[in-house]
Amino acid sequence: MGNLIDGKAIAEKIKEEVKKELEILKGEGIIPKLVAVYVGENPASSVYINQQRKNCEKAGIVYELKNLPADTTEAQVISEIEKLNNDKSITGIILQLPLPKGIDTRKVQASIIPEKDVEGINPANMGWIIYGRPYLAPCTALAVKEIIDSTGVDLYGKDVVMVGHSDIVGKPVALLLVDKFATVSICHIGTSDAGMLEDYVSRADILVVAVGKANLIPGRWIKEGAIVVDVGINRVGDKIVGDVEFETAKERSSLITPVPGGVGPVTTAILLRNVIISAKWAKNK
Ligand code: NAD
């Protein structure tokens with residue numbers, strides 16, 4: 001497989017661990033159950049929900065969909081979530097985005113109690129990342145960390161560049177890596193507009209890109225021997241590509257994630273692992 005990082009193989013390993021943990025929980029009479037809260041309907045979410053259901057059922061996790069009408073108010077969504085919070089048979093809650101206009105997404109996310117927050121988006125779970133004790137952290141950020149760990153690289157003193165500063169990817173990835181004593185720079189649109197993106201990218205021993213713009217990072221910018229993790233998902237014609245110009249980047253990097261087949265499958269597996277962690281957390285309550 002040359003210098004490609006095999007996301008599917010990493011995901012399979014996580015799923016094996018999930019299977020073992022699930023058996024232990026079942027032995028204790030605990031059946032992890034994930035409820036997806038979905039307000040209204042949109043085609044992209046429907047595809048995602050079907051995938052979630054398939055993945056959970058394949059792993060042996062009970063999956064239930066709570067589909068609320070499109071005109072549900074913020075207070076009503078929160079009230080539904082509170083019911084799920086209080087239901088002992090439910091161990092994890094996932095909120096499908098986007099929510100209809102007029103609903104404050106962050107407020108609704110904050111209403112999921114931390115121990116059932118399998119997406120790691122409750123402010124308390126975000127806060128635990130700052131303390132260097134991530135219990136339930138955002139799945140994609142954990143997937144990036146898992147991929148970097150799988151390469152065996154020692155992060156101590158390494159120059160890490162994170163392009164993208166979203167709440168669920170860029171910021172938590174930077175925090176997870178700085179705790180391993182990497183020197184982490186976070187770049188974003190401001191870095192690009194200041195004409196400094198190439199300077200940062202070209203110094204990175206480890207480059208993580210989560211922007212959502214096809215070929216934003218030309219391969220020639222990449223430092224010889226760098227590790228590249230491309231989180232971006234972009235549709236170009238009938239193809240899905242990442243944010244990094246793959247063919248040239250592959251020549252220069254020592255290891256690189258393909259898109260598709262890199263971060264995506266690992267993220268899916270991490271969600272299952274988070275479901276197990278939440279079930280254990282709820283058990284100890
Ligand atoms: P977002 O859309 O919330 O934020 C985008 C970030 O990119 C911002 O920090 C913005 O400042 C930065 N940016 C925009 N244009 C830029 C430019 N020209 N130069 C430098 N930075 C620029 O990001 P997100 O939600 O983290 O998603 C990013 C990408 O990752 C998307 O393609 C998304 O589909 C993908 N994604 C993949 C997975 C997965 O599992 N593989 C999961 C989540 C997101």
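Student: How do the residues of the shell around the ligand divide into nonpolar, polar and charged?
Tutor: There are 10 nonpolar, 10 polar and 1 charged. Asp, Glu, Lys and Arg count as charged; Ala, Val, Leu, Ile, Met, Phe, Trp, Tyr, Cys and Pro as nonpolar; the others, Gly among them, as polar. This is a predicted model: local features need pLDDT of at least 70, side-chain atom pairs count only at pLDDT 80 or more, and totals for chains, interfaces and linings use all residues. Residues are numbered from 1 along each chain as its sequence is written, and side-chain values use heavy atoms, leaving out hydrogens and water.

Student: Which residues are closest to the ligand?
Tutor: His 165, Ser 166, Ser 192, Lys 213 and Ile 233, out of 21 that surround it. Near means a heavy atom within 4 Å.

Student: What lies 2.5 Å from a ligand oxygen atom?
Tutor: A polar side-chain atom of His 165. A polar backbone atom of Ile 233 is 3.0 Å from a ligand oxygen atom. Polar contacts pair N or O atoms within 3.5 Å.

Student: How much of the ligand's accessible area does the protein cover?
Tutor: The protein covers 75% of the 860 Å² that the ligand has on its own. Areas use the Shrake-Rupley method with a 1.4 Å probe.

Student: New topic. Where is Tyr 131?
Tutor: In the loop between α5 (123-130) and α6 (139-150). Helices are DSSP runs (H or I) of at least four residues.

Student: Is Tyr 131 buried or exposed?
Tutor: Tyr 131 is exposed, because its relative accessible area is 63%. Exposed means over 50%, buried under 20%, partly exposed in between.

Definitions and conventions. Polar contact = N/O pair within 3.5 Å; in protein donor to acceptor, adjacent residues only side chain to side chain. Helix = DSSP H or I, 4+ residues; strand = E, 2+ residues; numbered from the N terminus. Buried < 20%, exposed > 50% of the residue type's maximum accessible area, 1.4 Å probe, protein only.
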